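This briefing sets out the computed features of one protein chain.

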Amino acid sequence: MIVKSDALTARGRRTRAALLEAGREAFEEHGYDAVRIDDVCARAGVSHGTFYTYFDSKESLFGEVAGAVVGEMFAASMVGPAVPDDPYARVEAANRLYLRAWAANSRLVRMLEHAATTDDRFGRLLLELREVFVRRGAEGLRRLQEQGLADRDLDPRLTAIMLGGMVEHFAHVWLDLGEQADERTAVDHLTRLWARAIGLTHASTSCRPHQEERGEA
């Protein structure tokens with residue numbers, strides 16, 4: 001019987017967390033296919049039977065690990081209040097943070113993508129996890145369109161999917177496959193391409209506060 005997370009005791013929560021951490025370490029070191037449940041149990045210091053108190057399979061463990069990783073990437077790529085309230089600067093900051101988050105977690109993301117090619121469950125999970133990034137990008141574009149700073153003819157969702165795919169693919173080629181570029185140049189190019197694609201220019205956003213101060217449109 002699988003014990004639901006909200007019904008766990010403090011000790012149960014610690015055991016479950018230990019299994020998740022052990023699973024993450026094992027998947028990162030050896031890859032999804034090579035990991036056995038016994039390997040995870042040994043790392044977590046629990047019995048084989050204890051594993052099934054919290055997870056019904058290696059697949060369910062991996063699904064939760066992958067979800068946690070994407071959640072960490074989403075949080076790590078959030079642009080905070082320290083970045084100036086200028087759309088171009090915030091796109092630039094988001095690209096920089098995403099590349100750094102990818103560098104820290106790309107092995108598990110690629111593992112999930114590989115698993116999704118042979119297992120529909122992981123395919124659905126991958127789409128669900130990517131959806132949080134798509135929604136964020138689409139909402140950001142809608143705000144810029146409402147402010148008159150982005151092309152109003154663009155479909156926010158499709159644009160977010162396409163431009164997000166550009167950034168993700170570049171991150172893979174650069175950080176996983178070894179394309180030569182320094183971070184500053186990479187972020188600059190990604191940001192210029194993203195901004196031009198939606199009709200946003202550095203000049204138009206940087207001069208906007210001054211126009212508002214003078215009462216201009």
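**Salt bridges and overall architecture**

The count comes to 13 salt bridges, a salt bridge being a side-chain nitrogen of Lys or Arg within 4 Å of a carboxyl oxygen of Asp or Glu. The model is predicted, so that local features need pLDDT of at least 70 and side-chain atom pairs count only at pLDDT 80 or more, whereas totals for chains, interfaces and linings use all residues. Residues are numbered from 1 along each chain as its sequence is written, and side-chain values use heavy atoms, with hydrogens and water left out.

**Fold**

- The secondary structure of the chain consists of nine helices and zero strands, where helices (H or I, at least four residues) and strands (E, at least two) are DSSP runs numbered from the N terminus.
- Along the sequence, the pattern reads α-α-α-α-α-α-α-α-α.
- Of the 217 residues in the chain, 38% count as buried; buried means under 20% relative accessible area, exposed over 50%, and partly exposed in between (1.4 Å probe, protein chains only).

- Side chains of opposite charge can pair when their charged atoms come close.
- E25 and R43 meet through their side chains in a salt bridge at 3.5 Å, N to O. E25 lies in helix α1 (residues 10-30) and R43 in helix α2 (residues 37-44), so the pair ties together parts that are 18 residues apart in sequence.
- E25 is partly exposed, with a relative accessible area of 31%, and R43 is also partly exposed, at 35% relative accessibility.
- A further salt bridge joins the side chains of R130 and E113 at 2.3 Å, N to O. This pair links distant parts of the chain, with R130 in helix α6 and E113 in helix α5, 17 residues apart.
- R130 counts as partly exposed at 30% relative accessibility, whereas E113 counts as buried at 14%.
- In helix α8, D188 and R192 lie four residues apart, about one turn of the helix, and their side chains form a salt bridge at 2.8 Å, N to O.
- D188 is partly exposed at 26% relative accessibility, and R192 is partly exposed with a relative accessible area of 32%.
- Salt bridges that share partners join R110, E113, R130 and E168 into one network.

**Largest pocket**

- The largest pocket holds about 1,200 Å³ of space. On a 1 Å grid over the protein atoms alone, a pocket is an open set of points where a 1.4 Å probe fits, with protein on both sides within 12 Å along at least five of seven lines; lining residues have an atom within 4 Å of a point.
- The lining comprises 43 residues, of which A94, F133, R136, G137 and W194 lie nearest the pocket centre.
- Helices α4 (58-76), α5 (87-116), α6 (120-146), α7, α8 (183-198) and α9 (202-213) each supply at least two lining residues.
- Helix α6 contributes the largest share of this lining, 12 residues.

**Annotated region**

- An unreviewed UniProt entry records a "DNA-binding region" over residues 36-55; such annotations may be inferred rather than shown by experiment.
- Residues 36-55 are 75% helix and 0% strand, and the end C-alpha atoms of the span lie 13 Å apart.

**Surface patch**

- L158, I161 and M162 form a nonpolar surface patch with about 300 Å² of accessible area together. Patches are made of residues with over 30% relative accessible area and no salt bridge, nonpolar side chains (Val, Leu, Ile, Met, Phe, Trp, Tyr) being joined within 5 Å and like charges within 9 Å.
- M162 is found in helix α7 (residues 156-176) and counts as exposed at 58% relative accessibility.

Notes. Accessible areas come from the Shrake-Rupley method with a 1.4 Å probe; for residues, only the protein chains shown count as cover. Grid points are joined across faces, edges and corners, and a volume is the space filled by probe spheres set on the points.
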